[in-house]
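Let's take a walk through a protein and the molecule it holds. Have a look at the picture first, then we'll go through it step by step.

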Amino acid sequence: MHLPQQAEYDESQLRLLGRLRDAGVSERVRSAMMEVPRDLFVPIGMKRRAWIDESLPIGNGQTISQPSLVGRMIDLLETRSEHTVLDIGTGSGYQAAILSLLVRTVVSVERIPSLCQQAADRLSGLGYRNVQVFDAGNELGRPELAPFDGIIVGAASPDVPEVLVAQLAVGGRLVVPVGSREEQQLAIVERTESGIKEKVVDWVRFVPLIGEGAWKA
Ligand code: SAH
């Protein structure tokens with residue numbers, strides 16, 4: 001993959017591209033991010049702010065994350081083109097769209113039915129054919145479609161959810177914000193031949209992951 005000529009971008013897009021570069025987002029992920037029209041994933045009244053590096057409300061008390069954080073988390077997932085990735089918390093579908101350009105299959109789950117339906121319609125309308133969007137079940141993730149090469153969680157959990165670790169393939173990685181309702185750190189959990197490796201990196205702030213093994217609604 002290569003970065004298209006800069007001339008294809010307007011000023012606000014170029015500024016975001018610069019922000020992503022400064023934030024250390026890899027070229028491969030930056031390139032995918034610049035192919036996804038974020039303005040079509042935010043509410044009508046927010047379009048002017050779509051190319052600013054900030055989180056924005058998407059309705060139902062939920063938010064689309066800041067682009068530099070989306071890029072950072074996708075880098076931590078270490079995706080490869082043959083991977084199948086589970087995206088938890090479809091929200092607007094923005095992160096799922098970026099992932100779909102980087103991996104073979106994206107399975108995305110969302111617990112709020114209206115967001116789920118809108119995101120599914122938006123993603124299929126925009127032609128992201130390798131993304132499957134599902135209403136989240138009672139159990140976290142999508143155990144019947146496991147194992148996944150990567151699992152990325154766009155909401156904060158009190159601990160690393162064991163039910164998600166169980167859905168990882170050998171060599172697979174889980175990236176999940178873990179901590180209190182107010183602040184969290186990104187946990188990276190890797191399933192290896194010999195067991196589970198875990199580390200925590202950056203401090204972040206996410207909306208709560210709701211469900212069994214996470215927070216109560
Ligand atoms: N990644 C999204 C934003 C995620 S916001 C984007 O690109 O727009 C977090 C989302 O996680 C919210 O929409 C929330 O409803 C959803 N969520 C919370 N708990 C969940 C669960 N247990 N399963 C699936 N989705 C969940």
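Which element gives the largest share of the shell around the ligand? That's β2, with three residues. Keep in mind that you're looking at a predicted model.

The ligand has 23 residues around it, and the nearest are Thr63, Ser92, Gln95, Glu110 and Ile210. Sort the shell by class and you get 12 nonpolar, nine polar and two charged residues.

Now zoom in on some atoms. The side chain of Glu110 has an N or O atom 2.6 Å from an oxygen of the ligand. Ile210 uses its backbone instead: an N or O atom there lies 2.6 Å from a ligand nitrogen. On its own, the ligand would expose 580 Å², and the protein buries 97% of that.

So where is the ligand sitting? It's in the largest pocket, which has a volume of about 770 Å³. This pocket is lined by 40 residues, and Gln62, Gly89, Gly154, Ala155 and Val207 are nearest its centre. Here, too, β2 gives the largest share of the lining, three residues. By class, the lining has 16 nonpolar, 16 polar and eight charged residues.

Finally, find the second largest pocket, with about 150 Å³ of space. Strand β7 (residues 168-179) gives the most to its lining, four residues. Six charged residues line this pocket, along with three polar and two nonpolar ones. Among the lining residues are Arg80, Glu82, Asp149 and Arg173.

Note on methods. Residues are numbered from 1 along each chain as its sequence is written. This is a predicted model: local features need pLDDT of at least 70, side-chain atom pairs count only at pLDDT 80 or more; totals for chains, interfaces and linings use all residues. Side-chain values use heavy atoms; hydrogens and water are left out. A residue is near a molecule or strand if one of its heavy atoms lies within 4 Å of it. A polar contact is a pair of N or O atoms within 3.5 Å; within protein, one must be able to donate a hydrogen and the other to accept it, and residues adjacent in sequence count only if both atoms are side-chain atoms. Accessible areas come from the Shrake-Rupley method with a 1.4 Å probe; for residues, only the protein chains shown count as cover. On a 1 Å grid over the protein atoms alone, a cavity is a set of points where a 1.4 Å probe fits but cannot get out, and a pocket is an open set with protein on both sides within 12 Å along at least five of seven lines; lining residues have an atom within 4 Å of a point. A molecule sits in a cavity or pocket if more than half of its atoms lie within 2 Å of its grid points. Helices (H or I, at least four residues) and strands (E, at least two) are DSSP runs, numbered from the N terminus. Ala, Val, Leu, Ile, Met, Phe, Trp, Tyr, Cys and Pro count as nonpolar, Asp, Glu, Lys and Arg as charged, and the others, Gly among them, as polar. Grid points are joined across faces, edges and corners, and a volume is the space filled by probe spheres set on the points.
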